[in-house]
Amino acid sequence: MKKIVIALDGYSSCGKSTTAKLVAAELGYAYIDTGAMYRAVTLYFLQNHVSKTNPKEIKEALDNIEVEFHYNPKKKRNEVYLNGLNVEDEIRKMYISDQVSEVSVIAAVRHAMVAQQQRMGRKRGVVMDGRDIGTAVFPDAEVKVFMTADVDTRTKRRQVELLEKNQLVNLDEIKENLQKRDLIDSTRAESPLRRADDAVLLDTTHMTIDEQVEFVLEHATSELLKNEHAAQQK
């Protein structure tokens with residue numbers, strides 16, 4: 001059966017990553033967390049004091065950044081490696097969340113990461129989640145879903161995620177961070193966060209993860225069956 005690309009775009013803490021991981025596992029596809037790639041770049045910029053307004057420093061940094069995903073069988077998850085070092089836990093911390101949108105808005109950063117993402121998905125058979133997968137990275141993705149949820153629901157979900165990582169952050173700080181990222185992501189000049197014209201809207205405010213996964217799988221299965229039928233007609 002011909003493999004497809006599934007693009008999940010949307011706001012932070014809508015359940016994109018969890019849904020994408022489970023959909024990928026169900027279909028036997030690769031899962032690519034594009035947001036983690038921008039978090040890794042942000043970590044590198046902070047560790048190496050790269051100025052976000054200095055094009056020369058940014059180019060030199062990007063030339064020295066290699067982001068990879070490796071599966072951890074013990075934890076049963078893909079983990080992010082930055083230049084050979086496992087940074088999965090570090091990039092999920094709040095200080096990275098505070099800076100990632102300001103780094104990902106830089107055109108050179110987006111061009112570099114989009115090129116990597118397109119290479120990863122060249123052979124299809126991938127589930128990607130992010131902000132611009134259906135509009136910039138894979139505008140030809142066979143399945144596009146744009147995910148949203150009200151900000152208070154997202155704030156509570158994000159706090160739970162942080163608590164699971166032993167990070168205690170108050171709700172007001174999280175909500176402010178999410179609103180700041182929403183604004184930057186949706187108004188940036190380079191590949192802004194927006195719903196693709198052919199993307200299906202999925203509001204997860206009152207949905208469980210299982211319901212979200214089922215929704216995406218229904219659309220993916222429909223597309224796969226349509227492709228198979230078309231191939232049989234040839």
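**View 1. Lining of the largest pocket in the predicted model.** A total of 44 residues line this pocket. Nearest its centre lie Ser17, Asp33, Arg92, Arg158 and Glu161. The pocket holds about 1000 Å³ of space. Sorted by class, its lining comprises 22 charged, twelve polar and ten nonpolar residues.

**View 2. The second largest pocket, with a volume of about 180 Å³.** Its lining consists of Lys21, Ala24, Ala25, Tyr29, Ala30, Tyr31, Tyr71, Lys76, Arg77 and Asn78. Three elements supply at least two residues each: helix H1 (16-27), strand E2 (30-33) and strand E4 (77-82). Helix H1 contributes the most, with three residues. Six lining residues are nonpolar, three are charged and one is polar.

**View 3. Helix H1 against helix H9 (residues 209-233).** The two axes come within 9 Å. They cross at roughly 45 degrees, which means that H1 is oblique to H9. The crossing of H1 and H9 is right-handed. From H1, the residues in contact are Thr18, Thr19, Leu22, Val23, Glu26 and Leu27. From H9, they are Ile209, Gln212, Val213, Val216, Leu217, Ala220 and Leu224. By class, this contact has nine nonpolar residues, three polar and one charged.

**View 4. Helix H2 (residues 34-47) packed on helix H4 (residues 94-104).** Here the axes lie 9 Å apart, at an angle of about 100 degrees. H2 is therefore roughly perpendicular to H4. On the H2 side, Tyr38, Arg39, Val41, Thr42, Leu43, Phe45 and Leu46 make the contact. On the H4 side, Tyr95, Ile96, Ser97, Gln99, Val100, Val103 and Ser104 take part. The contact of H2 with H4 has nine nonpolar residues, four polar and one charged.

**View 5. Helix H7 (residues 151-164) packed on helix H8 (residues 171-187).** The packing angle is about 115 degrees, and the axes are 9 Å apart. H7 and H8 cross in a right-handed sense. H7 brings Val151, Asp152, Arg154, Thr155, Lys156, Arg158, Gln159 and Leu162 to the contact. H8 brings Leu171, Ile174, Lys175, Leu178, Gln179 and Asp182. Six residues of the contact of H7 with H8 are charged, five are nonpolar and three are polar. Arg158 of H7 belongs to this contact; Arg158 is also one of the residues nearest the centre of the largest pocket.

Methods
Residues numbered from 1 in each chain as written. Predicted model: local features only at pLDDT ≥ 70, side-chain atom pairs only at ≥ 80, totals over all residues. Heavy atoms only, no water. Axes fitted to C-alpha atoms, helices over the stretch in contact; angles between N-to-C directions. Helix = DSSP H or I, 4+ residues; strand = E, 2+ residues; numbered from the N terminus. Parallel < 35°, antiparallel > 145°, perpendicular 65-115°, else oblique. Contact = heavy atoms within 4.5 Å. Nonpolar A, V, L, I, M, F, W, Y, C, P; charged D, E, K, R; others polar. 1 Å grid on protein atoms, 1.4 Å probe; cavity = no way out; pocket = protein on both sides within 12 Å on 5 of 7 lines; lining within 4 Å. Points joined across faces, edges and corners; volume = space filled by probe spheres on them. Left-handed = near helix turned anticlockwise from the far one by under 90°.
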